[in-house]
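Let's take a look around a protein model together. Keep the 3D view open as you read, and click on each residue when it comes up.

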Amino acid sequence: LNFRHPEVIRIFRLMTPLILSMLITKIMPLTDRFFLSQLPEGSISYVGYSYRITLRIIEILASGTMLVLFPVMAVNAASSNYENLHYYMTKGIKTLFYLIIPFVAIFFLYGKPMIKFIFERGKFTPYDTEAMFRAFALYLLSLPAIVIVGILYKGFYAIQKNTVVAAVNVSMTLLYIGFCIILLKFFNYLAIPFSHALTFNINLVITSLLMKRYLRVKGSRDVLVELAKSSISALIAALCLWPMMGLAKYGLVQYLALCG
């Protein structure tokens with residue numbers, strides 16, 4: 001490895017702001033533990049388990065698409081074809097949102113049986129199921145924003161504006177901590193997932209505006225229309241489930257079949 005090679009130096013220049021920002025952004029789990037350790041017993045478990053389920057949903061539905069989308073975005077960015085870059089970004093956003101939003105709508109309304117089937121045994125009581133479901137429902141509100149922000153970040157990496165990502169991440173981390181401090185007084189352990197949802201949705205707005213500025217392309221209205229259509233169809237599907245969800249009490253198989 002020739003550390004004096006211009007492209008190697010360039011790689012390290014691109015990595016440096018991200019590494020420095022991670023020194024701040026990676027403290028979020030520690031701040032969560034700090035806040036939750038001051039709350040009643042069980043708070044750490046409710047937040048920790050519900051957050052892990054949220055991450056598993058993202059990994060299953062979104063990670064693969066993001067992985068294969070980035071090289072295509074990078075190729076178009078390298079050739080300064082920002083119109084194509086914008087096309088693939090918006091296509092990825094619409095596709096992943098279409099996949100994610102039904103899980104948000106259905107689990108937000110009917111996620112409690114899933115938590116009961118997975119966790120309710122031994123010392124994990126119906127009270128714990130209810131408490132964890134509330135945290136999980138709030139984390140679900142951040143799912144679409146997490147996925148869209150992930151693609152937008154890949155766009156910034158493609159156009160080599162890593163400092164933008166670093167600056168936004170640091171700002172959002174500080175905002176998240178501020179939300180936690182304020183909301184803990186009113187929402188107890190739910191302040192953590194509530195702050196998470198607020199922060200990521202604010203991040204989505206800021207990142208979208210920044211990306212629009214850097215790419216200087218039109219077509220935002222088309223994306224918003226597609227996201228609205230997906231949201232409405234997912235909500236209708238969730239509401240149609242309501243008369244049938246009584247069958248879910250008979251077991252996990254019935255519940256999964258209905259959600260499917």
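Predicted model: local features only at pLDDT ≥ 70, side-chain atom pairs only at ≥ 80, totals over all residues.

Start on the inside: the largest nonpolar core has 78 residues, and the members that touch the most others are Ile57, Phe107, Phe136, Tyr189 and Ile192. The biggest contribution to this core comes from helix α5 (residues 82-110), which supplies 12 residues.

Now pick out Ile192. Setting aside neighbours within four places in sequence, Ile192 is in contact with Asp32, Phe35, Leu36, Val47, Tyr139, Tyr176 and Cys180.

Ile115 sits in helix α6 (residues 112-119). Its relative accessible area is 0%, so Ile115 counts as buried. If you skip residues up to four places away in sequence, Ile115 touches Glu120, Thr129, Met132, Phe133 and Phe136. Also try finding Asp128: this residue is 13 residues from Ile115 along the chain, and their C-alpha atoms are separated by 9.6 Å.

Next is Asn203, in helix α10 (residues 191-215). With a relative accessible area of 3%, Asn203 is buried too, because buried means under 20%. Its contacts, leaving aside neighbours within four places in sequence, are Val149, Tyr153, Val168 and Met172.

## A helix you can check yourself

After α8 comes Gln160, which has a positive phi near 60°.

## Positive phi in the loops

Ser80 isn't a glycine, yet its phi is positive, at about 60°. You'll find Ser80 in the loop between α4 (63-78) and α5, and with 54% relative accessibility it counts as exposed.

Asn188 is another residue other than glycine with a positive phi, near 55°. This one belongs to the loop between α9 (162-187) and α10. Asn188 is partly exposed, at a relative accessible area of 32%.

Phe3 comes in the segment before α1 (6-25). Its relative accessibility is 53%, so Phe3 counts as exposed.

## Salt bridges

The count of salt bridges comes to 6. One of them joins Glu7 and Arg10, with the closest N and O atoms 3.7 Å apart. Both residues lie in helix α1, 3 residues apart, or about one turn of the helix. An α-helix has 3.6 residues a turn, so residues three or four places apart point the same way. Glu7 is partly exposed at 41% relative accessible area, and Arg10 is partly exposed at 39%.

Which salt bridge partner does Asp222 meet? That's Lys94, at 3.2 Å from N to O. Asp222 lies in helix α11 (residues 220-241) and Lys94 in helix α5, so the pair ties together parts that are 128 residues apart in sequence.

Finally, the side chains of Glu130 and Lys112 meet at 2.6 Å, N to O. Here the pair ties together parts 18 residues apart in sequence, because Glu130 lies in helix α7 (residues 126-140) and Lys112 in helix α6. Salt bridges with shared partners link Lys112, Glu130 and Arg134 into one network.

Definitions and conventions. Residues numbered from 1 in each chain as written. Heavy atoms only, no water. Helix = DSSP H or I, 4+ residues; strand = E, 2+ residues; numbered from the N terminus. Buried < 20%, exposed > 50% of the residue type's maximum accessible area, 1.4 Å probe, protein only. Core = buried A, V, L, I, M, F, W, Y, C linked by side-chain atoms within 4.5 Å. Contact = heavy atoms within 4.5 Å. Salt bridge = Lys/Arg side-chain N within 4 Å of Asp/Glu carboxyl O.
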